[in-house]
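Morning, everyone. Please have the sequence and the model open while I talk.

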Amino acid sequence: MSSLLRVGDQVIHFKHGDGLIVRLLTEGIVEVQFGKSFKYVQESSLTSKNWLEREQRKNNERKQKESERQKKIAAEDKKRHQRNHVIALLERFSFSTAFSFYQGHCSEWWSTEEYVALESSFKEKQRKILQRDAILIEIRSRFVNDFLGAVPFFKSVSSDLISEQEFESEKLSFVKNWISANTPSRGGMKQLPDDEQIKAIASVNGHIQVIARAGSGKTTTLVNRTFFLLKHCRVKPSEILILAFNKKAALEVRKRLLVLIDASAEAAVNDEVISRVKTSHRRKPIEKDEIEAGAIESVAANLNVTLPHIMTFHALAYAIVHPDESILYDGAESDSQSLSGTFQKVIDDRLRDPLSREEIRELMLAHFREDWDRIVEGRHDFSRDEFLKFRRSLQDESIGGDYVKSSGEKLIADFLFEHDIAYKYENNHSWGGINYRPDFTIFLTAKSGIIIEYFGLKGELDYDEESDRKREYWRTKPHWTLMEFTPKDIASVGPAAFLEKLKFNLEQKGIKCTRLSEDEIWSRVKDRAIDRFTKASVRFVGRCRMDSLTPGELKIRIASYKPISQGEGMFLNILQSLYTAYLNRLSATGELDFNGLMQRAGELVSSGVTNFMRKSGGGDLASLRYICVDEFQDFSDLFYRLLVSIRKFNSRVELFCVGDDWQAINGFAGSDLRFFNHFEKHIGSSRQLYISTNYRSSRSIVDIGNNLMTGLGIPARAHKQVPGMVIISDLDQFEPSNVEKERHSGDIVTPAVLRLIGKALADDMDVVLLCRTNELYWSVNYSNQEAANNRGIQRYLELVRSFFPDGLKERITISTAHKYKGLEKPMVILLDLVARRYPLRHPDWVFSRILGDSPEKKVEEERRLLYVALTRAIDKLVIITEGRSKSPFLAELESKVSLSAINWDEYPARKGATSRLVVKVGNLKGRGGAPTFAIKDLLKASGYKYQSQSWAKGFPEEGFHIEKVKSELWCASADGVDVQVLDEMDVLVARFVIHDRQWGTVFNKLVCSKGSDSSEANG
């Protein structure tokens, strides 16, 4: 109460009655006068009459203030509502009504200056809205009537009226609607572009780079954009130039564009092609592409359709230059090889000179003998990890031409070759169902000899365990001798002493080791060496020409260059003069190569020659408005120089360059990714767009491609939501059936491939087999193949197709990964994802180091090639590998994602044209000893082969009867033997036991020939 009582206050005490406060003391004690007496009482026992009065007054004051406040709030609310009403009128731009209301209700409390300022702001807003609406109307009008002028107009207006995002949205909406309205339907359906593609189609101002992932509709986008330019933007066909990198691509663009312009053209072109094919049979044969090109031209003329200029870079150069010289080029195997032929003549001229001939001989022998371990160890600029990566990316090639796995193997292979010792490198041996390939097999007879194993990874647990199993395997082979070596055997004594030890060991086994003379060695490798030298020289000079590097400039570069090996240095010295000799020959013979044609075209354009002329018509580079470049990732310095020359006389021309850096796989031919990766540096101010949606492949296939290219750019997106299938087939884990082993002896890959294809065709899927090179990695048994019409992978295709009937075999194709770029199939079988194929590093890479090549660049290009191979599949991708020699790319993928291993039970063995049975002769269980060992020579003489603890022989199923087996030589000596008969699917169809030459039937479900029956009996 101390805060409520005051001296002089009248109070009431519950006992003493009324009183007057005299003094306020400490600790709640108060002196109070009650009548005439004074007493000290507790403050808490008093009630103040004055406090109640004060509180009443305070309450009254508060009520008065609250009333005043409420009146003020009401007044403010009224003002606010009035102000908001005025603002609402101003927002509707009702300026007169707003001013009248202001004068009648607000002028007393709202200053005129403030009102006028607010009114002015709304008038400015109205002006901007009217201006924005007018601009939008103008933009939309320009989209309709002057699309190309819409962007410049937009850039001329204030950005605070319409944002770039709003403008883009308006533009894309218009183009999307236009494409939808003008795209002809096919089968009642319209295939319309997605938003990313629409953005690229709508980008018709300035230089544009489009990064288009695999299966994203790159060609479709290019064609639609051209169609939009022609039909809506009213760009003349003569003002558009589309450059493709091969005839087929150019032809595809022409055909698609013609059909888009006039839907009736598709049927007309097909009819014209059929007609021309029939006619061509009566005259000189014409290539299919040439027939189709002529048909397109004819139909376009009949429909009165003028197409833009669509051609390859080389066709453009030819149309500019019109050379008198004949053009040299190397095409596919069936095409011209005139470039290599001419270069071979230059080399032949050099070989006639004894000194030059000796130079080339020394070069190639030195190159074949290069010790890459020693060379790489000299690279002191490498860290340990870089060293290992660099070394593993290289292939060792023996002087005899074998690509071996290590320098130790190369040392052994070179010794055997130089000492005229015949051997097989990685010859197939069937070992318990595993396709075992020891390093070196030296045959003494067809069934005996020496095995040399170089255990290069000794010290690794798994490897050592496998090495022990190999030793044990050869211990069971009495006619074979195993010699084994490790890197320590070489390092501890040096290569020379090691080879002396190898020589001693071989001579102890009766192998004569007499070294061939250098002349004899050269005579044996000469053809291969000269062929390799020619190919390396053609590639090198071609790269110099692609890089616009003259012989003089090459000489200067070589003078300041440090070769990595003796062979490289010798090669560069020879190529200096050979390059000059090649150019001199072209001049003397009136010939010109494609690169020279490109150079001359660039020079002519730079000098002011801008006209070009083809059979289908001509044009003027100076009048072009648009140049579209397909597959821009394959751009080269020569193409760039020609482009620079064109822009020199036509600065207004705008570029549209589309490609995929993930599919840049032609570096070996001179393509250079620097133009793609640094587009603005080489082309100028530009926009970069992405087309990322893959419409080709199922989700799992898109995912594996993305995982391979992780960290190298924006990934692709799968349009299809079906998962698809990616499976791994490790042939180390594949066990062929007995019939497959008999039919494809020593060949592990073909039975697996036949199973895969058989299942695919049963599921109505076309199949392509993809290889890294034109030669299979695997050993193939061609013994039962009729005379082959082809070589390499085409021969293998003949073999595979021979197991399928007409009507199905045509659905099986084969290709190298390089040649299959841009193509697709429902099922892809990647035949060789193994260490020495992906990455494939040919030893001749070293010759192009001076031109900028490196193992790192080559390995990354190999990664991109694998990406191309993987993304050819639509629904199903099968990857064939070898667990003991797995590609590092596959190991990397398996560390990122879980890849399913194949279940071979779902892929039954493929029956041949003639059904087969296999008879297996083994030891009867529980008999003891080895009964078949006693009759093994008789079994061999009867044509049986030892496989997995038994002897096996195949028979045609038709007409087979067990009596045929009973009549064989070995039966007369058999005792304690188990005889099993299996069909193509490895199903047991009959079983017999032999005791002391007497046969007993366990069961017999054979379909026998006439006069005999099937029976079951107890043995």
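Which strands does helix H6 lie across? Helix H6, residues 195-202, lies across strand E6 (207-212), strand E22 (654-659) and E23. The helix runs at about 150 degrees to E23. Axes here are lines fitted to C-alpha atoms, for helices over the stretch in contact, with angles from 0 to 180 degrees between N-to-C directions. Contact means heavy atoms within 4.5 Å. Helices (H or I, at least four residues) and strands (E, at least two) are DSSP runs, numbered from the N terminus.

Some ground rules. This is a predicted model: local features need pLDDT of at least 70, side-chain atom pairs count only at pLDDT 80 or more, and totals for chains, interfaces and linings use all residues. Residues are numbered from 1 along each chain as its sequence is written, and side-chain values use heavy atoms, leaving out hydrogens and water.

Now the sheet. It is open, with 6 strands in the order E8-E7-E21-E22-E6-E23, and the pairing is parallel. Pairing takes at least two DSSP bridges between two strands. From one strand to the next, the twist averages 15 degrees. Look at E7 (240-244) and E21 (626-629): 4 bridges, parallel. Ile 240 stands opposite Tyr 626 in E21.

Last, Val 175. Leaving aside neighbours within four places in sequence, Val 175 is in contact with Phe 147, Ile 198, Ile 201, Ala 202 and Phe 228. Two of those partners, Ile 198 and Ile 201, are among the contacts to check on your screens.
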